[in-house]
Amino acid sequence: MVIKDSTYTHTQKNSSGLSPSGCEMSLSKLNAEGALASPLDRMAAMVIDYCIILTPIIYLVLAPFQRIIKEGALVNSQYQMTYAILFGFAAVIFILLTYQTICILLWGATIGKALLGLQVQSVLQGQKIKLLQSLTRAIFWMLSWCVLGIPFVSGFSNFLRRPLHDRISDTIVVTRYRDRVSAKPTRQEVAMAGGVYWAFGVIIATLLI
């Protein structure tokens with residue numbers, strides 16, 4: 001279930017039409033208290049996770065495939081090189097998906113997020129993140145990179161600081177440090193995000209033309 005941002009100021013009802021406290025939307029309260037994680041903190045956590053922690057692991061995993069590619073180049077085997085590239089790419093995708101999914105499912109945070117006091121929570125109060133929810137979040141996080149990371153810009157303009165992968169998976173990222181909370185997006189942030197969207201649209205339109 002994908003809950004739209006416009007419903008966060010209301011109470012989420014279950015199928016029976018009742019509104020038990022366990023299903024009350026907590027996002028408006030979190031936003032009012034200023035517990036939303038800063039986009040800059042989230043970017044810093046991403047650098048820790050994927051540039052510091054996972055890069056050495058990915059390098060080790062890709063080492064055998066790199067050797068196969070070199071051997072294929074020496075014997076001029078296109079099949080061997082293609083095989084190594086495809087399986088190496090699949091291995092990287094598997095590592096990233098597994099890391100994101102397992103960390104969020106078990107601890108509600110990757111290592112980078114945990115070091116910076118960030119935590120991923122379900123938008124429904126008191127509800128734990130489920131496997132499908134965590135996997136969906138990881139998949140759309142990776143798909144966001146396929147379009148040059150443009151969906152991440154919405155973290156600067158969305159009033160609940162939620163990029164596409166958080167909205168699709170019904171999650172929100174909060175911080176435990178009250179001195180690093182994030183308020184609603186400023187006009188400057190919204191304008192910056194709008195400028196990025198327009199620039200991306202112009203580039204795509206130019207390429208198509």
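Student: How many disulfides does the structure hold?
Tutor: This is a predicted model, and the structure holds zero disulfides. As for individual cysteines, C103 counts as buried because its relative accessibility is 7%, under the 20% cut-off, whereas C146 is exposed, with a relative accessible area of 61%.

Student: OK, and where is confidence lowest and highest?
Tutor: The mean pLDDT of the protein is 85, with 84% of its residues at 70 or more; confidence is lowest in helix 1 (residues 27-33), where the mean is 53, and highest in helix 4 (residues 111-115), at 96. Over residues 10-25 pLDDT stays under 50, and for that stretch the model has 22 contacts beyond four places in sequence.

Student: Switching to charges, how many salt bridges are there?
Tutor: The count comes to four salt bridges. In one of them R180 pairs with D41, and the closest N and O atoms are 2.4 Å apart; that pair links distant parts of the chain, with R180 in the loop between strand 3 and strand 4, and D41 in helix 2, 139 residues apart.

Student: Are those two buried or exposed?
Tutor: D41 counts as buried at 3% relative accessibility, while R180, at 42%, counts as partly exposed.

Student: Which residues are linked in a network of salt bridges?
Tutor: The network links R42, R137 and D166. Within it, the side chains of D166 and R42 meet at 2.7 Å, N to O, joining helix 7 to helix 2 across 124 residues.

Student: And which residues form the nonpolar patch on the surface?
Tutor: Y79, Y83, L86 and F87 form it, with about 490 Å² of accessible area together, and F87 lies in helix 3 (residues 78-107).

Terms used: Residues are numbered from 1 along each chain as its sequence is written. This is a predicted model: local features need pLDDT of at least 70, side-chain atom pairs count only at pLDDT 80 or more; totals for chains, interfaces and linings use all residues. Side-chain values use heavy atoms; hydrogens and water are left out. A disulfide is a pair of cysteine sulfur atoms within 2.5 Å. Buried means under 20% relative accessible area, exposed over 50%, partly exposed in between (1.4 Å probe, protein chains only). pLDDT is the predictor's confidence in each residue, from 0 to 100. Helices (H or I, at least four residues) and strands (E, at least two) are DSSP runs, numbered from the N terminus. Contact means heavy atoms within 4.5 Å. Patches are made of residues with over 30% relative accessible area and no salt bridge: like charges are joined within 9 Å, nonpolar side chains (Val, Leu, Ile, Met, Phe, Trp, Tyr) within 5 Å. Accessible areas come from the Shrake-Rupley method with a 1.4 Å probe; for residues, only the protein chains shown count as cover.
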